Amino acid sequence: MAHPTTIVPARLEPILDALLRELEIQEAFPAEVLADAVRSTREAGLPEDDRTDLPFVTIDPPTAMDLDQAMHLERLGDGWRVHYAIADVPAFVRPGSPTDEEARRRGQTLYAPHRRVALHPPVLSEDAASLLPAQVRPAFVWTIDVAADGTRTATALSRALVRSRARFDYEQVQAALDADQVPEPFSLLPTLGAALQAAERARGGMSLGIPDQEVEEVSGEVTGYRLRYRPRLAVEDWNAQVSLLTGMAAGELMVQGRVGVLRTMPAPDDRTVARFRRQARALGVDAPSETSVGDLLRSLDAQDPRQLALLHESTALFRGAAYTALDGEVPDGLVQAAVGASYAHVTAPLRRLVDRFGLVTCEHLVRGAEVPAWVREALPAMPALMQASDRLSGALERATIDLVEAATLSGRVGEVFDAVVVDDGEDRKRGSDSRLVQLSDPAVLARCSGTPELGSRLRVRLDEADVEGRVVRFSPAG
């Protein structure tokens, strides 16, 4: 899709700063937290085990410095052995310390176009605890054996020192794969990723294939921000499968040990699934009853207007995600339906609070040791802390995109654009006289007055682009 208009930072950044204040997001860390974080780099409890012999590498966005995960893959018969090193944040964050208390207040790292509001001070998140290349770092090292069909056959976990050999970014690795020049550290990732995806299909997992709408920072001759629909790279999906593999191993450990925090989501009820299938048929998409919802979603092409609209409507299938704390009792309904298994967050402790507690829980369960009291005491509060930070993250993302959409279109009121109707508004507002439309250039999702048919192409006229109010409105152009 074509690139949209660039926005000059000098015009936008004061408004972005005001948005952070409006949402009560504080970027700066209190002095006592910064001092505590520096002190922790000197007093960290490092593991005795040394796995610096394993040639780990990282793969992340190009500008990331908070590197949570490092990977090493090897063949094991007709399957694979996955070594997955996760940053040992608990080695640096003492329970009850100022850094711990501040992380509980923040919940997770938040992202705005012009800055990142980190969960931990940079001395930890971008230095001492980050799995930066050529640096010896403490880590939780998962060793997971995977059969040829993508199923997990064995899991081990220990704390050890590791050293990443190199860092890569997704676009770099994907370009090499496309040119049939696979970097050696990733030579096994395509086949492993495909096997894990096949296993996901077999257990009934689902994934949402809507193109990500995001704000991208642009530098060069012209600097600023632009909106785009970011294509999902195959290498990202394969890497995500390794993270899911680890999260499922963690979830199983927690259920068996009857302690931890799971990420849960109920399966869509029969009524929701039936409505989705009706929508598919109405949009001309073949949706036989014997085809699973997951397979139906995987078959959809976002370049087709009607199938794109169906992808947007499929969000109704992914509702009710929550965090569920366990300590002694294991209630029903602990599966994460989109994953198709019990699942826990344990792969991003630099950026997400709950992972730190999940890693410590799993490591003790694997050793047959008692989970520490400080972890158990934190478990009841963890779901509410994470849900609150998820809501804040979602509010920031939506408000940021709304703002950049309005700024992108500012000065273009009255112009006409090509659009696709991607939401009929039935679930959001009964009797609504507007629809959600998606423009291809610029990459905008906004309301359009009237009731045009879901999945239809149409020409829309821009009626309003209010930057301060973060509002964009269209009407049919006739």
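Reader: Which residues does R167 touch, not counting residues up to four places away in sequence?

Author: R167 touches T58, P61, P62, T63, A64, M65, L67, P133 and Q172, where contact means heavy atoms within 4.5 Å. This is a predicted model, in which local features need pLDDT of at least 70, side-chain atom pairs count only at pLDDT 80 or more, and totals for chains, interfaces and linings use all residues. Residues are numbered from 1 along each chain as its sequence is written, and side-chain values use heavy atoms, with hydrogens and water left out.

Reader: Why is R167 called partly exposed?

Author: Buried means under 20% relative accessible area, exposed over 50%, and partly exposed in between (1.4 Å probe, protein chains only). R167 has a relative accessible area of 27%, so R167 is partly exposed.

Reader: What makes β17 and β18 count as paired strands?

Author: Strands are DSSP runs of E, at least two residues, numbered from the N terminus. Two of them pair if DSSP finds at least two bridges between them. β17 and β18 (residues 471–476) have six bridges, in the antiparallel sense, so they meet that definition. In this pairing, L462 stands opposite F474 in β18.

Reader: How do you know that β14 pairs with β17 too?

Author: The same test applies: β14 (residues 416–423) and β17 (residues 457–466) share five antiparallel bridges. One of the bridge partners is L458 in β17, for A419.

Reader: What lies between β17 and β18 in their hairpin?

Author: There are four residues between them, and R470 in the turn has a positive phi of about 55 degrees.
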